[in-house]
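Trainee: I would like to learn how to read a strand arrangement and the helices around it. Could you take me through an example?

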Amino acid sequence: MSEFQEALDFTAESLRKLSGSRSNLRGSRESLRRLAAARAQPKPAVAAPAPTPVKVAAAQPSTEVFQTTGATKEERIEQLRAAVAPCAKCPNLARTRTQTVFGVGNIEARIMFVGEAPGADEDLQGEPFVGKAGQLLTKIIETMGVKRSDVFIANVLKCRPDMPPGASGNRRPTTLEMQTCLPYLRAQIEIIKPAVLVALGSVAMEGLLGSVEPMSRLRGRWHEFQGIPLMATYHPAYLLRNQSLGEKRKVWEDMLLVMERVGLAISEKQRGYFLK
């Protein structure tokens, strides 16, 4: 709108207001003063419409499964291993890893342990759970009355999460990284068909089920993944940081439930571990 048209509209509106107040409309200094006063009055503020809330759906784990076509379990697992090795779906991980860490163990295993991601030792050796936490996991497995080679061990992530240059240690995998890699783990589980899954730590549970609850609320009860009973327990690294008998007993109670579920014999000595 031009300034001239705006001025005309303002003048007409001001004259209507003055007419309604029975004012003298003769062209005079008083009329001009009233027009100027009307011009100076602030316009009533118009409240901005409230923003419409946007609902953001909670991240859900992928339901995709990498499809294999082999005729036997051995062929299918090797086909899957060959697909995982060059994977670059997460470019940041592919750039910094030494190698992918597929998994290890018996493909006929009745018990399958699932961790979150490889660490530095695992990245170098290409096998999951070979560092201090892995050594403790091996002791737990052997205390259950089976050998490490009798079970299958894998991670949600097949690559070590990248670290900033010069930084040491390991970082937690992101939700997106876990969702991207989960189809490989789903395929492993679908091929192996274990009787029971054991999630080691809350991050593994987040990767599998999208759950972000603390482990204190997740452990000690059965969950389900792909129709398979799933037991959650503390990560062995947690036990390395917390040496109390009470915390060790919690993990062992979870393992007793797993042993009962798969029909392993449990001695009175085993039932009494970590009890004062």
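Trainee: How many bridges join E5 to E6?

Mentor: In this predicted model, E5 and E6 run antiparallel and are joined by four bridges, and Glu224 stands opposite Pro229 in E6.

Trainee: Which strands stand at the edges of the sheet?

Mentor: One starts from the strand order, which in this open sheet of six strands is E1-E3-E2-E4-E6-E5, with mixed pairing. Strand E1 (104–105) and strand E5 (222–225) each have a single partner strand, so one side of each is left without a neighbour in the sheet. Helix H11 (residues 245–262) packs on the sheet, where it touches E2, E4, E5 and E6, and its direction makes about 165° with that of E6.

Trainee: Is Thr233 buried or exposed?

Mentor: Thr233, which lies in strand E6, has a relative accessible area of 1% and is therefore buried, since the cut-off is under 20%. Leaving aside neighbours within four places in sequence, its contacts include Val198, Leu200, Met215, Val251 and Met255.

Trainee: How do H3 and H7 pack?

Mentor: Helix H3 (residues 73–84) and helix H7 (residues 175–192) have axes 10 Å apart at an angle of about 170°, and they are therefore roughly antiparallel to each other. The residues of this contact divide into eight nonpolar, one polar and three charged.

Trainee: Over which residues is the pLDDT below 50?

Mentor: The protein averages a pLDDT of 86, with 78% of the residues scoring at least 70, but over residues 50–59 the pLDDT is below 50. Where pLDDT is low, the predicted coordinates should not be read in detail.

Key. Residues are numbered from 1 along each chain as its sequence is written. This is a predicted model: local features need pLDDT of at least 70, side-chain atom pairs count only at pLDDT 80 or more; totals for chains, interfaces and linings use all residues. Side-chain values use heavy atoms; hydrogens and water are left out. Helices (H or I, at least four residues) and strands (E, at least two) are DSSP runs, numbered from the N terminus. Buried means under 20% relative accessible area, exposed over 50%, partly exposed in between (1.4 Å probe, protein chains only). Contact means heavy atoms within 4.5 Å. pLDDT is the predictor's confidence in each residue, from 0 to 100. Axes are lines fitted to C-alpha atoms, for helices over the stretch in contact, and angles run from 0 to 180 degrees between N-to-C directions. Angles under 35 degrees count as roughly parallel, over 145 as roughly antiparallel, 65 to 115 as roughly perpendicular and the rest as oblique. Ala, Val, Leu, Ile, Met, Phe, Trp, Tyr, Cys and Pro count as nonpolar, Asp, Glu, Lys and Arg as charged, and the others, Gly among them, as polar. Two strands pair if DSSP finds at least two bridges between them.
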